[in-house]
Amino acid sequence: RCTPCFGDLSDFLGEYGKGIAQIWSGGVGRAGTGTSFHHTNRAFDLDALILADGDRWIATSFPERPHIYVAIESFLRTQFGTVLNYQYNAAHQDHFHFDNGTNPGFNKYSKSRVTYLQNAIKFGFGGSLGVDGVWGPQTDAQTKLVLKALGLGSLSVNANWQAFLRETAKSCMESEMAIVTA
């Protein structure tokens, strides 16, 4: 799943003159017999991307560049159900961890998926949510508003989730480009 995911992401970033020149990873497989998906070559840690225009995206840059961060995460979530980001916990502030241990799709009981959704609404669509990874009334209400504006139904339908991911990536990247070129 990494090859199509990075191919799609590079094509998408290329639409903004960026593309991917290099992918930097701190870990794919690991020796040993632990329970991590790294031990079975089913997990990837993404640390940085060197972009075709010379720009560098580094995973620790979420506080400074949340728009491109959420755009990249959107593409990871098209192919992977488990994506752990900067806000998931301190261990993941310097990389995205993603694996194929769960199928792509939305689940309101998943901290990592709700954290992503809250960031997507905040940075992609101008929402005023706090980001805590918990599905509550504010997240529910703002999600419904965004989905209605996008003409999408429930995120539990995979086609709607995939469309939401693409729309989020576009919106976030347009915001990133407006900031970078301003």
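Trainee: Which residues form one aromatic cluster here?
Mentor: In this model, which is predicted, Trp57, Phe62, Tyr69, Tyr86, Phe96 and Phe123 come together as one aromatic cluster. The structure as a whole holds 17 aromatic pairs.

Trainee: How should I read an individual pair?
Mentor: A pair of aromatic rings is described by two quantities, the distance of the centres and the angle of the planes. Take Phe12 and Phe75, whose ring centres are 4.8 Å apart and whose planes stand at 35 degrees; planes under 30 degrees apart would count as stacked and over 60 as edge-to-face, so this pair is tilted. Phe12 belongs to helix H1 (residues 2–14) and Phe75 to helix H2 (residues 66–79), so that the pair links distant parts of the chain, 63 residues apart. Phe12 and Phe75 are both buried.

Trainee: What is the geometry of the pair formed by Trp57 and Phe96?
Mentor: The pair of Trp57 and Phe96 is stacked, with 5.8 Å from centre to centre and 20 degrees between the planes. Because Trp57 lies in strand S3 (residues 56–58) and Phe96 in strand S5 (residues 96–99), the pair ties together parts that are 39 residues apart in sequence.

Trainee: Is Phe96 buried or exposed, and which residues does Phe96 touch?
Mentor: Phe96 has a relative accessible area of 0%, and with buried meaning under 20%, Phe96 is therefore buried. Leaving aside residues up to four places away in sequence, Phe96 touches a set of residues that includes Phe44, Leu46, Trp57, Tyr69, Ile72, Leu76 and Val83. Ala59, which Phe96 also touches, is 37 residues from Phe96 in sequence, while their C-alpha atoms are 6.9 Å apart in space.

Trainee: Where does Lys111 lie relative to Tyr88?
Mentor: Lys111 lies over the face of Tyr88, at 4.9 Å from the ring centre.

Trainee: And how are two packed helices read?
Mentor: Two packed helices are described by the angle between their axes and the distance between the axes. For H2 and helix H3 (residues 111–125), the axes come within 10 Å and cross at roughly 135 degrees, and the two helices are therefore oblique to each other. The crossing of H2 and H3 is left-handed. On the side of H2 the contact is made by Pro66, His67, Val70, Glu73, Ser74 and Arg77, and on the side of H3 by Ser112, Arg113, Tyr116, Asn119, Ala120 and Phe123.

Terms used:
Residues are numbered from 1 along each chain as its sequence is written. This is a predicted model: local features need pLDDT of at least 70, side-chain atom pairs count only at pLDDT 80 or more; totals for chains, interfaces and linings use all residues. Side-chain values use heavy atoms; hydrogens and water are left out. Rings of Phe, Tyr and Trp (its six-membered ring) pair if their centres lie within 6.5 Å; planes under 30 degrees apart count as stacked, over 60 as edge-to-face and the rest as tilted. Helices (H or I, at least four residues) and strands (E, at least two) are DSSP runs, numbered from the N terminus. Buried means under 20% relative accessible area, exposed over 50%, partly exposed in between (1.4 Å probe, protein chains only). A charge sits over a ring if NZ of Lys or CZ of Arg is within 6 Å of the ring centre and within 35 degrees of the ring normal. Axes are lines fitted to C-alpha atoms, for helices over the stretch in contact, and angles run from 0 to 180 degrees between N-to-C directions. Angles under 35 degrees count as roughly parallel, over 145 as roughly antiparallel, 65 to 115 as roughly perpendicular and the rest as oblique. A crossing is left-handed if the near helix is turned anticlockwise from the far one by less than a right angle, and right-handed if clockwise. Contact means heavy atoms within 4.5 Å.
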